[in-house]
Amino acid sequence: MFEVSQYTFVAAMVALAAGLALYLVNVFGPRGVRSLSFNTGGTQETDSFGSAMKTAGRYGSILSVNAFGFLTASIIARWIAAGHGPFSNMYEFSVAFAWGAMGIYLYFESQYHARSLALLVLPIALGILIYATTVPDDIQPLVPALQQDLLLTIHVAAAVVAYGAFAVGFGAAILFLVQRKKGMGWLPERTTLDEIGYRSVMIGFPMMALTIILGAIWADIAWGRYWSWDPKETAALVTLLMYGGYLHARVIRGWRGERSAYLLLLGFAATAFTYYGNYFLGGLHSYG
Amino acid sequence: MENVGSQARVPQRTYWETRTLGRMWHFFTSVRLALVLILAITAAVFAGTMLDQVAPSVRSDPAMYAQWLTRAEGRYGVFPTKVLEFFELFNVFHTLWFRLLIGLLTVNIIVCTLNRWKGIWRTVFPPRIRMTDAFFQHARFNAKYVMDERAEAAAATVKKGLKHARYRVSTEGEAGSVALYADRNRFSRFGTFISHLSLVLILAGTVVGGIWGRSDPEFIVPEGITRDVGLGTDLSVRLEHFTDEYYVEGPPKDFRSDLVILKNGEEVKRGTVRVNSPLGYGGMKFHQSFFGQTAVMTVKTKDGTSLYDGPVPLAWQTREGNRPVGSFTLGTENLEVWVIGPRSGESDPLVPAGEMRIEVYESSSGALRTATNLSQGTEQVVGGLNFTFGREGRFTGLSVVKDPGVNIIWVASALMIIGLVMLFYMPHRRLWASCKEMPDGKTEVRLAMTGQRDSQISAEFERVRQRVGKELRSRQAEEDQVQGGNHV
């Protein structure tokens, strides 16, 4: 099972990289170029390019769905091999983070058909997977502090869904800021991007709150203290507060639009810090 | 959420509002203030995450704090440390200014809640049913149908469609004109209060815990020993046995303490405490926190009177050499004895394995009287007293906690999630319809929904419109059939 998990992990990376390449063609590929000569007439050339782009986008989506499927299989196989939820070290947590980002991205793609979002979210997922290859991936037995399979699983699951949603919100915010002038046809409209950003926080914010609450419940069981100002826990609070700020900014005149988009960027910086912070901050979450 | 902040800029104010209290009230009704406070608290928590934070126990001890600051100077530089120390940034979460920010946000939340309560209540009960024609024309989402029947009949059809779309419908009729109001998830309007007030409740939970909570994070019990818990209870704890197990690969597998809880000396509970399974009795909870070795020591005078007989937990580490160390006092002799064990994992030149080093100090002056190594099981005369290091044992370090505020925290947490789910996933949707008979006897049916330009609202309107449209069309088809029959 461990080997199955490794193979599907590699398959997911390959599918993700290929999918990303196709998304690039879909967004930046030749659009309505007439000067290149084909056998047929000019108008048809345009159509063939246009349809090639659409095809690239469609196959990009298919590959991404595949990558997500492989990643899911990899997590399940590792779960079976380890005998507990595979969320106990940096490798396992990274795979889960990439899984969350991809899952949430695919959900938004199905809702808004905004494939340009893939150009920002999928590299994040791919980057995390590449990072995962650099850390030890052997299955380690659980130390006493982590021997709470239910909480380990749902605490981390809620966290990766939140992180994934925030990654999508980050992508939407970047595109929102790039889409300054009207007429950037390759990007969705600003209102759509604003809505995607908001809806990503609608998913991420309650999930982040849930992550912190489950963490507090766990800390209360394990240590008798629901809150210890532990660095990772504080960083998670910073992230939650940042998105809480975003939710309020969005209804204040003068803060809608660009300023809110900048808050989404800051929020994702806080997310990345929370994800990686325990490595250089130490504290109760430093399990390896 | 409406922009209540802008209300502060309305020029006309009542007498009460112009008074100081009114101004303060207005100040706290602002969402803009909420945003500023949230961002300020975010920055403070971020500073508290990035900078080393001093433990409260160290902060309250001037000597230890000075030492801590010296180390901080080594890390951050002398001048930055002074600046950070001035703003209490090494102690963010316990400072007055941090509590002030939290306090202001709490007032902000409470005032905003009170301020918005009436408006939201009115949105929910009882809503305005009849709207103007202009409203139907200008609503962001609207639709229009014409039916060959009386207004009442058309309204009944619309109502049927709305009910199918799981809307709650109220009607208000007059001759030839029926107004309908439909909504769903109206109680979700209160989601915002639930999630915001849950924050106030969490704060209340921490205050309750702070006032009535008791804890000892370093409650040490050696094997075979019964110790009083203290903390205002009449409980005591005996450690029967401590076990630590390791995986073949090396990492720890299990730490467990077999405990007996006694009340006034009577056994009341018995159980095993593990890292993820505490033992509770009467609101008091015992958590596995740490463990270590003990040295069982006996001290006798020359004539055989026992001065000490029991395990000494080596719960600390020596600053140099990182050796486990513990101490006990011999009150009658005015002596304090430090027991130092061998460094683990390597051969120790100062304390070889199987030996314990003792250092005997005068309690009053702190002067070192004598120091020597004891081998296991042999009595040795040290400073005129007979010392024996009998054997090694274990102690458990428990975290003993009583926190009556914790249940408030869990209730508040549940409320927060419930409030957020209501707010984000069960939004209150409102729709108005009007059925008006026209001079030609036909009835004009109009539907309207207000809201942001948002694909979710637009999809919801589309769903309801299709549902109602389907009912109207099938009704019209029946009507046409009947009319067609008459013609033939």
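**Chain A–chain B interface and a sheet in chain B**

The side chains of Asp220(A) and Lys285(B) form a salt bridge, with an N to O distance of 3.5 Å. The count of salt bridges between chain A and chain B is one. The model is predicted. Contacts between the two chains involve 49 residues of chain A and 48 residues of chain B.

**Interface area and polar pairs**

- About 4,300 Å² is buried between chain A and chain B, and carbon and sulfur atoms give 69% of that area.
- Within chain A, the residues that lose the most area to chain B are Pro144(A), Tyr226(A) and His248(A), which together make up 15% of what that side buries.
- Polar contacts across the interface of chain A and chain B come to 15 residue pairs, with both residues at pLDDT 80 or more.

**The chain A side**

- The elements of chain A that give two or more residues to the side touching chain B are α6 (190-223), α7 (231-249) and α8 (258-281).
- Of these, α6(A) gives the most, with 18 residues.
- By type, the residues on this side of chain A are 37 nonpolar, eight polar and four charged.

**The open sheet in chain B**

- Five strands of chain B form an open antiparallel sheet in the order β1-β20-β19-β3-β2.
- β1 (141-147) and β2 (168-174) of chain B each have a single partner strand, so one side of each is left without a neighbour in the sheet.
- From one strand to the next, the twist averages 15 degrees.
- β2(B) runs antiparallel to β3 (residues 177-184) of chain B, and seven bridges join the two.
- Opposite Ser177(B) in β3(B) stands Glu174(B).

Technical notes: Residues are numbered from 1 along each chain as its sequence is written. Chains are lettered from A and ligands numbered from 1 in the order in which they are written. This is a predicted model: local features need pLDDT of at least 70, side-chain atom pairs count only at pLDDT 80 or more; totals for chains, interfaces and linings use all residues. Side-chain values use heavy atoms; hydrogens and water are left out. Contact means heavy atoms within 4.5 Å. Buried area is the accessible area (1.4 Å probe) that two parts lose on being put together, summed over both. A salt bridge is a side-chain nitrogen of Lys or Arg within 4 Å of a carboxyl oxygen of Asp or Glu. A polar contact is a pair of N or O atoms within 3.5 Å; within protein, one must be able to donate a hydrogen and the other to accept it, and residues adjacent in sequence count only if both atoms are side-chain atoms. Helices (H or I, at least four residues) and strands (E, at least two) are DSSP runs, numbered from the N terminus. Ala, Val, Leu, Ile, Met, Phe, Trp, Tyr, Cys and Pro count as nonpolar, Asp, Glu, Lys and Arg as charged, and the others, Gly among them, as polar. Two strands pair if DSSP finds at least two bridges between them. Axes are lines fitted to C-alpha atoms, for helices over the stretch in contact, and angles run from 0 to 180 degrees between N-to-C directions.
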